[in-house]
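Dear colleague,

I am passing on the structure we spoke about, with the sequence alongside it. Please keep it open while you read the notes that follow.

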Amino acid sequence: MAVEGGMKCVKFLVFIFNFIFWVCGVALIAIGIYAQTALDKALAVSSSSASSTPIAILVLGIIIFFISFFGCCGAWKESYCMVTTFAVLLSIIFLVEIAAAIAGYVFKDKVRSVLEEGLWDAMRKYGEDKPLTEAVDELQRDFGCCGANNYTDWSTIERFRVNNTVPWSCCRINTTSCSTFSATIYEKGCLQSIEAWMKKNILIVAAVALGIAFFEILGIIFACCLMKGIRSGYEVM
């Protein structure tokens, strides 16, 4: 009876864990959507590798969402095959997250250079590519910035250098023309503003990631215990 009671407890722990894990999946989906929405224009002017990051978080959240549902069914039906598959998939997800965290730390400096390169490329195509032009204007207006490093970056672009102007989105007030001598011009660059936004929100992402990793380890341990109980042929109902 003691073993029965222990296995019954593990079964419900796996079930409860999967519910919490399901919530974590929903949280990742929400973070992915938020990052995609908040950085929409910044991602539009950067490279495809940078713009795929929020989508990767969103996809990971969806995968976790379905894996947790799979784990719930396996625990409830006491299916050795389903619980084993759940444990293997969860272990793979955990290893992928560890690899992603290491890669993110190693290439953290490259993110700035990729973003800066994307901003400069968008500035050079300003006025020629309508979607890109709209993306730059919305980015500068939303982040209250001008240029990549500061407003003087626009003076390197021929069409703005000849008449000492910058795009209208560089001014705090709505105007059809914005001069570099205007008192209402945004002086700081967009690269600095986007980095500040990322640093402000990175703690939230890190806290969620650590929480998910913790629950993943618990899930793997509980699933292995339940697998052992089911395989040994004990009644856990």
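Leaving out residues up to four places away in sequence, Asn18 touches Ile67, Ser68, Gly71, Cys72 and Phe86, where contact means heavy atoms within 4.5 Å. Asn18 is part of helix 1, residues 2–38, helices being DSSP runs of H or I with at least four residues and strands runs of E with at least two, numbered from the N terminus. With a relative accessible area of 0%, Asn18 is buried, a term that stands for under 20% relative accessible area, with exposed over 50% and partly exposed in between (1.4 Å probe, protein chains only).

Before going further, please note that this is a predicted model, in which local features need pLDDT of at least 70 and side-chain atom pairs count only at pLDDT 80 or more, while totals for chains, interfaces and linings use all residues. Residues are numbered from 1 along each chain as its sequence is written, and side-chain values use heavy atoms, with hydrogens and water left out.

The second residue I looked at is Ile93, which lies in helix 5, residues 80–106, and counts as buried because its relative accessibility is 9%. Apart from neighbours within four places in sequence, Ile93 is in contact with Leu60, Ile63, Ile64, Ile67 and Glu216; its C-alpha atom is separated by 8.9 Å from that of Ile63, 30 residues apart along the chain.

As for the protein as a whole, its secondary structure comes to nine helices and two strands, and buried residues make up 38% of its 237 residues.

Best regards
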